[in-house]
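Please study the sequence and the structure shown below, then work through the exercises in order. Each task is followed by a worked solution.

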Amino acid sequence: MLAGCVEWPDEVAAEYRRKGYWRDETLGGLLRRWAAEYGQRTAVVRGEVRWSYVELDRRADRLAAGFAQRGIGSGDRVVVHLPNIPEFVAVCFALFRLGAVPVFALPPHRSAEIRYLCEYSAAIAYVVPESHAKTDYRLIAAGVVSTVPSLRHVFVVGDPGEFTALADVDAEPAAVPEPGPADVAFFLLSGGTTGLPKLIPRTHRDYAYNVRITADNAGLDVDTTYLAVLPAAHNYALGCPGVLGALSVGGTVVLADSGNPDEAFTLIEREKVTMSALVPPLALLWTDTATERDLSSLRLVQVGGSRFEAAPAARFRARFGCVLQQSFGMAEGLLSQTALSDSAEVVDSTQGLPLSPDDEVRLVDADADADADADADADAADVAVGEVGHLLVRGPYTIRGYYHAPEQNQRDFTPDGFFRTGDLARRTPEGRLIIEGRVKDVINRGGEKVAAEEVEGHLLAHEAVREVAVVAVPDAVMGERTCAFVVGRAAVGAAELKEFLRGRGLAAYKLPDRWEQVESLPRTAVGKIDKALLREQVAAKVSRASASSRRRRAIR
Ligand code: OOB
């Protein structure tokens, strides 16, 4: 295993193998098997581009040979920053086959996130599109390359400018030493629990299992056409069951740029899409968008990433007449989803059951661990059925530690290996989970995670900012948005601070939606910033404002 990663204990690993969860397979090897089995069936579609399984397999081999020629091999980290295009899939499998390790950046990330990921992972290569969403990614690359010494290659899909065209990374397939099932296949980015987001090492065998159980639970088969509207670089659309799940059963993956109903509905009609996965704001948008398109092929839609309330869930089912599957998941591992056979009531109001019989889920007294102390959790009592507790988990596809993060691991994992998710949940008598909130310092902006400390750190770099606290404010569509409370040394406006954050290369979704200029920040008894109070204050303000605007509308 890669240095800096935490392994499952030997006896636990042996048990997971004995039970057949972990098999002697790698993700690169699986594609070889799928290509042999599904040959000329369509694997990947984007616009006019259609690749069969054989074609995808061949491209992965040629790319792998090309990467190998350039010195990329086993254990090397490669930051992959691609939107939903076929090259994303080919690059992933090429790297999997070499045992090189993709680090999955999300399309909206900008130079601040990319520099951090490259430095953290000591990446030797960075893969970008020429441009996407009106942004020239070669400019991001140019800025990052000049400051990250480990970066030796930049590969560009499209016109490479000063860099190397991915199209030129092409060579006759050659035998390369392949990784083993226990090796790290790729790194996902955590949404953050405390501090800056961490890298999550997922191994070939644990992720192959992740894909298998989610594909099973969603009933995928060769007739599945999966529409990827969320970034394929995110766990949800990558393998829960997502792109890899659809490929694992001989289905077809249709790659979309976004969940925009115009684009998505057109693709559903044209490609006879049977399944997709959405975050709640997109599910609301789809529900409320009238269309003449024929969407009758749609059989299953998963919704997750943030809380999907019962009322919009019921409306969604009524509108599309398809099965809805609530998904609660995390890049660190655990997945809990409703089943295809669950009643409407269960689907609308729970996040279903953890998917593996060996997912060990604990709900512990959340007050006992208010100070985020892992040792406290290990001793904390489990709450009674139906009561809300802090969700801890351990299992065959949940990591035992973040990459190179001993201090964070001390906080986020109990001594006996449970991951402290930072989520608050309760359990029904049948064991179904209902996610009730969270203790981690993260804002869940409609499924996009914003680590408060990350944004605060950037704001504190502004000379006029003395103190700052970023908290969640409730929002009807997004669930939550971000609010920054700022104590200034000098007068400084929201517009200037936003521009400042953009200038530092922060992804747009992390820019605070709302700003509150204050004289000071409230403190708790131990002197920490009282974020709970700030959240209450801004929530009350927002609700007063919306009540008075409702009154104004009523009077008119
Ligand atoms: C998914 O993964 P991440 O890593 O972006 O975010 C994980 C966190 C969870 O710890 C929880 O706080 C929140 O997102 N979350 C939900 C939720 N699903 C995720 N909160 C409430 N209700 C839900 N249904 O978001 C993710 C990964 C795989 C599948 C689905 C979602």
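The exercises below concern a predicted model.

**Exercise 1.** Determine how many helices and strands the protein has, and why it counts as compact.

Solution. The secondary structure amounts to 18 helices and 27 strands. The radius of gyration is 23 Å, close to the 24 Å that the globule rule gives for 556 residues, so the protein is as compact as a globular protein of that length. The C-alpha trace spans about 65 × 55 × 55 Å along the principal axes. Of the 556 residues, 58% count as buried, where buried means under 20% relative accessible area.

**Exercise 2.** State in which order the 4 strands of the open sheet lie, and identify the edge strands.

Solution. The order is β19-β20-β21-β22, with antiparallel pairing. Strands β19 (360–364) and β22 (433–438) are the edges, since each pairs on one side only. From one strand to the next, the twist averages 45°. Next, consider the pairing of β19: 5 bridges join this strand to β20 (residues 389–394), and the two run antiparallel. Within this pair, Leu363 stands opposite Leu391 in β20.

**Exercise 3.** Decide whether helix α11 is mostly covered or mostly open, and find what covers its buried residues.

Solution. Helix α11 (residues 280–288) is mostly covered, as 7 of its 9 residues are buried. The buried residues are Pro280, Pro281, Leu282, Ala283, Leu284, Trp286 and Thr287. Their cover includes the strands β12 (225–228), β14 (275–278) and β15 (300–304), together with the helices α10 (261–271) and α12 (310–320).

Notes: Residues numbered from 1 in each chain as written. Predicted model: local features only at pLDDT ≥ 70, side-chain atom pairs only at ≥ 80, totals over all residues. Heavy atoms only, no water. Pairing = 2+ DSSP bridges. Axes fitted to C-alpha atoms, helices over the stretch in contact; angles between N-to-C directions. Buried < 20%, exposed > 50% of the residue type's maximum accessible area, 1.4 Å probe, protein only. Contact = heavy atoms within 4.5 Å. Rg over C-alpha atoms; globule rule 2.2 N^0.38 Å.
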